Amino acid sequence: MLNSTESSSKPNRIKIPFLLDIVIVSEPEQIRKIETSGDVERLHSYETSSLPWWVKFYFSATKFHDADRDLWFCPFEPTSNPTYEPRRAYLQQQVDIGYGEEDVKKIASLLKEDADEEVLAQEMVQVVNRRFFGKEIPPSITQTAKNTLQKLSEALVPWKYTQGKKSQKQIMDYCAQNLPEGVHILDVGHNIGEVVQATVGALKTLKNHLEKPVEEIFTSNAPTPQVIRIAVNSSDFDGLLSSPTSPGKTVIILKIAEAAAKTNDISFTFSTGSEERACVFQEFFLQFMNDLQGELKKAESGEPGHIKSG
Ligand code: HEM
């Protein structure tokens, strides 16, 4: 019998000399192997100015990077960056404040009513992000947050690219003006975009799978398709690649959602197949989805005390 590594396909590579070099990995064991190889790192282990041109071009129109202020979202920082630990700790502390029963009931009632996506996004953004601002986030910000780029191919469409940059700037300016002194504006701004672009879709997925365990739903439908790393050493990862990576140039895309679906392992939904540097929102997300599922089921079965829409 073949073991999983022998039977699995090798990573894909798109290499155009002097232009770009991208390795795409979707086999769960290959993702784990590359992540723990010591030969790849978080993007911002290199100065922004020395990153591949297309990385700078694309990411400046996403929620992960602010080119004007040279800020990157926390997971893009290597653990060795002195800002990493305190930034993660701050986000964890804020997320650990949790949510209230009214939050679950409010979202359940909007889902039952089939409320517009914009209305659902506006409410869910408050549940997750009000805590950082101490007040409601205005609809103009949640609406613009859907426009930052989510796919590399979108960077090739000029109006989408321009809209992505504009949206990112609007969110960053709002965060700079409204967050308490000392809070990392990109770390928080990112979370508005994440809720609008990923969590709202996840709420609908949950509603369509009320009978399944929450972990199973979100391994089959992981909201984050992929994460990115950069080569820091020249390596072929024990023969996985036909030619070695170039440090500072080869970018590695780890397709974690595919890995989550293949393995049913929730640590691919929130990380790269281990607890190491897992998403600080994982526990909140799973607990909230469990509570919401319970609320929606109660409503479906007509149990007394459920929330009635309309
Ligand atoms: C559906 C919602 C979300 C999903 C599926 C998700 C998924 C992920 C994934 C896959 C990573 C790993 C990134 C990497 O290895 O490069 C990550 C990291 C992280 N996420 Fe989330 N995320 C979500 C929402 C959020 C929210 C709302 C917050 C903050 C309130 C957050 C904060 C973080 C932080 C701080 C990290 C970095 C952890 C570290 O590197 O130590 N995430 N998330």
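## Burial and overall form

A residue counts as buried if 20 or more other C-beta atoms lie within 10 Å of its own. By that test, 36% of the 310 residues of the chain are buried. The model is predicted.

The chain holds 12 helices and seven strands. Its C-alpha atoms fill a box of roughly 65 × 55 × 35 Å along the principal axes. The radius of gyration is 20 Å. A compact globule of 310 residues would have a value near 19 Å, so the chain agrees with that expectation.

## Where the domains meet

Across the boundary, 17 residues of domain 1 are in contact with 20 residues of domain 2. On the domain 1 side, two elements give two or more residues each: α3 (53-59) and α11 (256-263). Of the elements on this side, α11 gives the most, with four residues. By class, the domain 1 side has 10 nonpolar, four polar and three charged residues.

## The ligand shell

The ligand is surrounded by 25 residues. The closest are P75, V227, R277, C279 and F281. Two elements give two or more residues to this shell, α4 (84-96) and α9 (185-207). The largest share comes from α9, which supplies six residues.

Sorted by class, the shell has 16 nonpolar residues, six polar and three charged.

## Ligand and domains together

Where does the ligand lie relative to domain 1 and domain 2? Both domains give residues to the shell around the ligand, so the ligand lies between them. The helices named for the shell, α4 and α9, are not those named for the domain 1 side of the boundary, α3 and α11.

How values were computed. Residues numbered from 1 in each chain as written. Predicted model: local features only at pLDDT ≥ 70, side-chain atom pairs only at ≥ 80, totals over all residues. Rg over C-alpha atoms; globule rule 2.2 N^0.38 Å. Buried ≥ 20, exposed ≤ 12 C-beta atoms within 10 Å, placed from the backbone. Near = placed C-beta within 6 Å. Nonpolar A, V, L, I, M, F, W, Y, C, P; charged D, E, K, R; others polar. Domains from an automatic or database assignment. Contact = placed C-beta atoms within 7 Å.
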